[in-house]
Amino acid sequence: MLESKYLQENIQNIKKLMDIPTLKHFETRNLGKLLRLSKIRQYEDGEMIIREGDLDPWLYFLLAGKLRISKEGIDIALIERKGEIFGEMRIISSLSRSASVFAVGTTVCLAVDTTASNRLADQDEVAQFLLLLYRVFAEFITARLRLTSEELVIARKKLRRLSGETH
């Protein structure tokens, strides 16, 4: 893994973040806060980004490349959309990582250190920023839950067909 230092809050970096679909609705000042907590990480093909069971504090936004998600050694998803968030469940629940994430090809991520709140000005700034992140999480989790529900219906229909059930 190649890793930058913590990013600087400047107009060039803020403009780059505004190109990420997930972040385009953030206000400029909130993007600046995000930058102060973030590093750019580049991973090579097959490199592990998140290990199932770990307790690390990082939240990620996919900037380039693809990700393979695996749970208990079984591949469960492929993420390839720029701006996709991953690693958020650990931040919301404080439980260990629920799955492993691997780079597919060269992959670049914005890695946000959720424990680096000392890099923000005061507790009010921290609270406002966390509230904003949780809103983004809620939108992503809702979309993922809908997709999971759709996949469950498809799987159950296939199972019924295979077992010969009619209803």
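Mentor: Start with burial: buried means under 20% relative accessible area, exposed over 50%, and partly exposed in between (1.4 Å probe, protein chains only). This is a predicted model, where local features need pLDDT of at least 70, side-chain atom pairs count only at pLDDT 80 or more, and totals for chains, interfaces and linings use all residues. Residues are numbered from 1 along each chain as its sequence is written, and side-chain values use heavy atoms, with hydrogens and water left out.

Trainee: Is Tyr134 buried, partly exposed or exposed?

Mentor: Tyr134 is partly exposed, because its relative accessibility is 37%.

Trainee: How is a pair of aromatic rings described?

Mentor: By the distance of the centres and the angle of the planes. Rings of Phe, Tyr and Trp (its six-membered ring) pair if their centres lie within 6.5 Å; planes under 30 degrees apart count as stacked, over 60 as edge-to-face and the rest as tilted. The structure holds one aromatic pair. Tyr60 and Phe86 are stacked, at 4.9 Å centre to centre with 10° between the planes.

Trainee: Are Tyr60 and Phe86 buried or exposed?

Mentor: Tyr60 counts as buried because its relative accessibility is 1%. Phe86 is buried too, with a relative accessible area of 2%.

Trainee: Which charged end sits over the ring of Trp58?

Mentor: A charge sits over a ring if NZ of Lys or CZ of Arg is within 6 Å of the ring centre and within 35 degrees of the ring normal. Over Trp58 it is the charged end of Arg41, 4.0 Å from the ring centre. Lys39 lies over the face of Tyr6, at 4.6 Å from the ring centre.
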